[in-house]
Amino acid sequence: MPPSAAGNNEPLIILENVDYSYPVGDGGFVRALSGCSLKIKRGEFVTIAGSNGSGKSTLAKHLNALLLPEKGKVLVDGLDTSCEDNVWEIRRRVGMVFQNPDNQLVAAVSEEDVAFGPENLGLPPGEIRKRVRYYLDLLKLTEVKDRPPHLLSGGQKQRLAVAGVLAMEPLCIVLDEPTAMLDPAGRRELLQAVTKLNRELKVTVILITHLMEEAVFSQRMVLLHKGKIVMDGTLREIFARRERVEGYGLVLPEAAQLAEKLKAVGFHFQQLPLSIDELVDGLCGQLK
Amino acid sequence: MLGHIPLGQFIPGHSPAHRLSPVSKIVIVIVSAVGIMLLPGFYGLLIAGGYLLLMMLFTGGTAVYAFKGLKPLWILIAFTFIFQALAVPGEPVFTLGAFDVTRQGLEKAGLMTGRLLFLVLLASLLTLTTSPIGLTRGLEKLLSPLKKFGLPVHELAMMMTIALRFIPTLINEAEVIIKAQRSRGSDLTRGNPVDRIKALIPFIVPLLAGSLRRAEELAVAMEARCYRGGNNRTAMKQMKMGRIDFAALTLALLFLLISISARLAGW
Amino acid sequence: MWAIEVENLCYTHSRGTPFEKAALQNVSVKIARGQTAAIIGPTGSGKSTLVQHFNGILAPQKGTVKILGRNAADKAVRTGLWRQVGLVFQYPEQQLFEETVYDDIAFAPKNLGLSKEEIKNRVYRALNDTGLPENILTRSPLSLSGGLKRRVAIAGVLALQPEILVLDEPTAGMDPVSKKQFLNTLKKLQQRNDITIIMVTHSMEDAARLADWVLVLDDGRAVLEGTTREVFKQAHKIISIGLDVPVEVKTMLKLRQRGIPVRSDVLGLDEAVKEIVKVKEQLKKPGG
């Protein structure tokens, strides 16, 4: 089990006025983040959404010191990411799953890939074996533990990546567009697994995505647009501002869109439905 | 199809040979190879053959594939035989054009061909029963004393592991790129040699760009998982030597001893 | 006239090796000229294998494939098919290789042996169709962002001005803005006379919004085919092979489960809204 952070009331991650620019070919710079401030509590499930070029991946890479802020500060469990001595301590606290499942699996055998992180941490072999067994089982991968990664389905590969990160027992897992290359079945499997981690193991989850329907499992949503945090609130608060959201290049989940259209012709919902089930519940009362 | 080259030919199994530690298997193969080379004469060949047969009994039937694997090598074996048969001077048995085939030549040829055959079989027994990743780890362990002399043993092993991991992925990618460019009318069979080489660019550039992108992403992913070289790193799979390893090593050493004695005794 | 006529097509990958795998089993399908067809099915159902027969990349092993009335069993016909049938692969951005965007889009027209003038016309038309700005033409395609790369790659196939355009999961991983733009491109093409569009997709919404005709593959077999409405009417069958149905269909099915007599063969959110309103009025009438 990941180390429990119960009792610690400090936010797990604090961003203070973070600026970051990328160098571009001709010697210039492109501003990717400007003035981002954000606090993420322990055990939260936060979705960070934004369209292409909104800076969401850049933000994600700041959370475990893969990128360092140009201005401002990032604190992870009280550790400043810009202090070089903290880097490895930060990375064992914040694990990261990337978009392309193929390019983050290192070993030629699935179970060895799960062992990769713990081996880097220098854990004793017995402990590594225990963790590998536990997390493979948790992500329903025990059956494929001896297979090379290239023979797994997309969904299985991404769950393997999650298992590999969890085996380091981090406090927080950041998933950077983890479903972009998956089919609907793989996407569902992965999101369910991640939700379970958050609810049962109390791992803090930060999901980066451009699909708002993937946010329905999270408690909080942060919207990024042109490098700035433009909205931060519960899903319902954000979905209620459809026009603003669409202005940022995002679209509401289809169920919410349908609800909006029904509202326009005289139906009303006490609160905006986020899923089809909520929509149907709300409609039944008005139809019968 | 490009995507299905059986790499390394490893056949998974649970025979004693599969259960041996890769380290002892590599040592056994080296010791046995030296033994085979040292054993003189036809009796020597006979002993080596018996020894190999004994080894094969412990592979749970996997050894059959070693014989199947010999097929593509028959040209090499035939060439060895003919070359040796013609190269050695002595009592002529019959004449082949400008060459005399001698008794000594035939004997030498038989011996060399036999040895070559046995060495190939021996090596394939190793790769048939050891996964590429096991081989990598075994080599890393065996070479680790060389770290003291500055050989980057861990890095080499990591490179091999990553190569094993990515070769199938890159083969797949190459296949897709070839199809995609053919769909845009690329043709490798047109024009003079210069044109044909130029026609490779649409395939090579994307493959290279793709590999670089992968390498970059992989490096970031490895860093994110706290990879910082071989120092302070542990391994999940410890290569512990069991009783079976000691038994097998003893057998191999015994074989080497017999070979050395036979050579010294001047068979 | 038929654009595609496939009869009893079988295809086995790595035939004659221990890795043999049946990808298509007795698939028969006809797609009329000028139609937009969607091919849907779970991962590994044979969708990509099927469409790679359409432009001669794969030769039929058993059964017949006729493209625009000509038999693809004939090697001379097959090797010339790329001239009439454009195929956009999944993640087409990985095929970019030229120094400039212009040259990359011009690659296929050059291979067609067209005049410089005609090549230029085609490049500009493809650029216009995909909504790319002209100033992109001199840039290196490899330096572009992911979204732009995808559009350049699609433009590179459109420049063939094919009679049949096949797209293998073109919207995979696109953000909502790019997706909308891409769907507009397709709609624009649809209005052009005589182009047949065949789209392999995981997105049931895309299939419902764009296609006139749908083919459902499962495990290498054609399990359903017909007009889009006919196919989505058999929602239970689609769900049973592990696929989704469009949100509006799912909503209607759930309403029916609750005893509300709505039709379930609706396409698009607006049709769903109309149907719900209609049923509400019927239920309000006394005795209705």
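Mentor: The contact draws 29 residues from chain B and 38 residues from chain A, where contact means heavy atoms within 4.5 Å. This is a predicted model, in which local features need pLDDT of at least 70, side-chain atom pairs count only at pLDDT 80 or more, and totals for chains, interfaces and linings use all residues. Residues are numbered from 1 along each chain as its sequence is written, chains are lettered from A and ligands numbered from 1 in the order in which they are written, and side-chain values use heavy atoms, with hydrogens and water left out.

Between chain B and chain A about 3100 Å² is buried, 56% of it from carbon and sulfur atoms; buried area is the accessible area (1.4 Å probe) that two parts lose on being put together, summed over both. B:Arg165, B:Arg225 and B:Met236 supply 30% of the area that chain B buries against chain A, more than any other three residues. Across this interface there are 8 salt bridges, each a side-chain nitrogen of Lys or Arg within 4 Å of a carboxyl oxygen of Asp or Glu. One salt bridge joins the side chains of B:Arg233 and A:Glu119, at 3.1 Å from N to O.

Chain B also carries a nonpolar surface patch of about 800 Å² accessible area, whose members include B:Leu139, B:Phe149 and B:Met160. Such a patch takes residues with over 30% relative accessible area and no salt bridge, with nonpolar side chains (Val, Leu, Ile, Met, Phe, Trp, Tyr) joined within 5 Å; the areas come from the Shrake-Rupley method with a 1.4 Å probe, and for residues only the protein chains shown count as cover. Helices α7 (132-143) and α8 (153-183) of chain B each give two or more residues to the patch; helices here are DSSP runs of H or I with at least four residues, strands are runs of E with at least two, and both are numbered from the N terminus. B:Leu143, in α7 of chain B, counts as partly exposed because its relative accessibility is 33%, the range between buried (under 20%) and exposed (over 50%).

Within chain A, strand β3 (residues 45-49) has 5 of its 5 residues buried. A:Phe45, A:Thr47 and A:Ala49 point one way, while A:Val46 and A:Ile48 point the other way. β3(A) runs parallel to β8 (residues 204-209) of chain A over 5 bridges, and A:Val46 stands opposite A:Ile206; strands pair if DSSP finds at least two bridges between them.

Definitions and conventions:
Patches are made of residues with over 30% relative accessible area and no salt bridge: like charges are joined within 9 Å, nonpolar side chains (Val, Leu, Ile, Met, Phe, Trp, Tyr) within 5 Å. Buried means under 20% relative accessible area, exposed over 50%, partly exposed in between (1.4 Å probe, protein chains only).
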